[in-house]
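This report goes through one protein structure for a reader who has not seen it before. Please keep the sequence and the 3D view open while reading.

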Amino acid sequence: LNILFKGVPGTGKSRRCDILAEKLNANLNSERFLRINIHSSTVNSDLMQGIGVYTHENNIIYAEKTGVVMDFIKKAILTPFENFVLVLEEIQENSLNMLIGDLIYLIEEAKRTDVSLVYNKLESTSSEDFFVLCNKIIQESEKSHSVTIPYLIENKPIFRKMILPRNL
C-alpha cells in the first residue's frame, strides 16, 4: 500500500508510479488518481486542514477549510469498492510529518479501515462533513484505528476522529 521512491530527477520514479497505478486500474486522468507535486511552500493546511479567511457582506470570516488530501480521503471513503491512488512528488525539501502528520499513524496497512464492511450501514453520506462520516464508520466498525483531530476555529471540549480507508 505504501511505496517510497527516492532518487535524483530523471530516474523513472514518476513513471514507475504511473505503471503501479495502472495495475490498480486507476486511470491517471480519473478522480481516483491524485498526484501532488510538493514544493517548498506547501503546508499542512494545503493538504489536510487549515483556516480559510473569507469575506461576506464586508465581514471577515474565519472558517476551517479542507485540504486536497483530506478531500481525496473522503472520496475514497465514499467509494470503498474502487482503488484510489495518491502520489506525493518531490517531498525532499519538506518534512513529511509537518505535511501529513495526521496520516503517519494511519498509513500502515493494519491501521487502515475497510469501509466496504460497513458501507451498507451508512445512509446517504456524500454531503456529510468529513469528520461526521468518519465517526459513523468508527461506530459501525468493530476494529477501526483513528487519529484525533482538533478543531481549528472553535474551542470545543471534544475532538474529531479521522480514519484512512484501505482502498487508498
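## A charged residue in a strand

At 13% relative accessibility, E89 counts as buried, where buried means under 20% relative accessible area, exposed over 50%, and partly exposed in between (1.4 Å probe, protein chains only). E89 has its place in strand β4. Helices (H or I, at least four residues) and strands (E, at least two) are DSSP runs numbered from the N terminus. Leaving aside neighbours within four places in sequence, E89 is in contact (heavy atoms within 4.5 Å) with S14, R35, I36, N37 and I38.

## Basis of the model

This is a predicted model, in which local features need pLDDT of at least 70 and side-chain atom pairs count only at pLDDT 80 or more, while totals for chains, interfaces and linings use all residues. Residues are numbered from 1 along each chain as its sequence is written, and side-chain values use heavy atoms, with hydrogens and water left out.

## Pockets

The largest pocket has a volume of about 1,200 Å³. A pocket is found on a 1 Å grid over the protein atoms alone, as an open set of points where a 1.4 Å probe fits, with protein on both sides within 12 Å along at least five of seven lines; lining residues have an atom within 4 Å of a point. Grid points are joined across faces, edges and corners, and the volume is the space filled by probe spheres set on the points. In the largest pocket 38 residues form the lining, and I3, L4, L86, V87 and L88 lie nearest its centre. At least two lining residues come from each of α1 (13-23), α3 (68-78), β4 (85-89) and α4 (96-104). By class, the lining of the largest pocket holds 25 nonpolar, 6 polar and 7 charged residues. Here Ala, Val, Leu, Ile, Met, Phe, Trp, Tyr, Cys and Pro count as nonpolar, Asp, Glu, Lys and Arg as charged, and the others, Gly among them, as polar.

The second largest pocket contains about 210 Å³ of space. Its lining has 14 residues, with D114, L117, S141, K143 and S144 nearest the centre. That lining divides into 3 nonpolar, 4 polar and 7 charged residues.

## Nonpolar cores

A nonpolar core is a set of buried Ala, Val, Leu, Ile, Met, Phe, Trp, Tyr and Cys residues joined through side-chain atoms within 4.5 Å. The largest one has 31 residues, and I77 and M162 have the most contacts inside it. β1 (33-37), α3, α4, α5 (130-140) and β5 (147-149) each give this core at least two residues. The largest share, 7 residues, comes from α3. Another core, of 6 residues, lies apart from it and includes A21, A26, V85 and V87.

Not counting residues up to four places away in sequence, M162 touches M48, M70, D102, L103, L106, F130, F131, C134, H145, S146, V147 and I149.

## Cysteines

C134 counts as buried because its relative accessibility is 0%. C17 is also buried, at 17%. With a disulfide taken as a pair of cysteine sulfur atoms within 2.5 Å, the count comes to 0 disulfides.

## A loop with positive phi

Most residues other than glycine have a negative phi. E57 has a positive phi of about 50° although it is not a glycine, and phi of N58 is near 65°, also a positive value. E57 lies in the loop between β2 (49-56) and β3 (59-66), and N58 lies in the loop between β2 and β3. E57 counts as exposed at 66% relative accessibility, and N58 is exposed with a relative accessible area of 82%.
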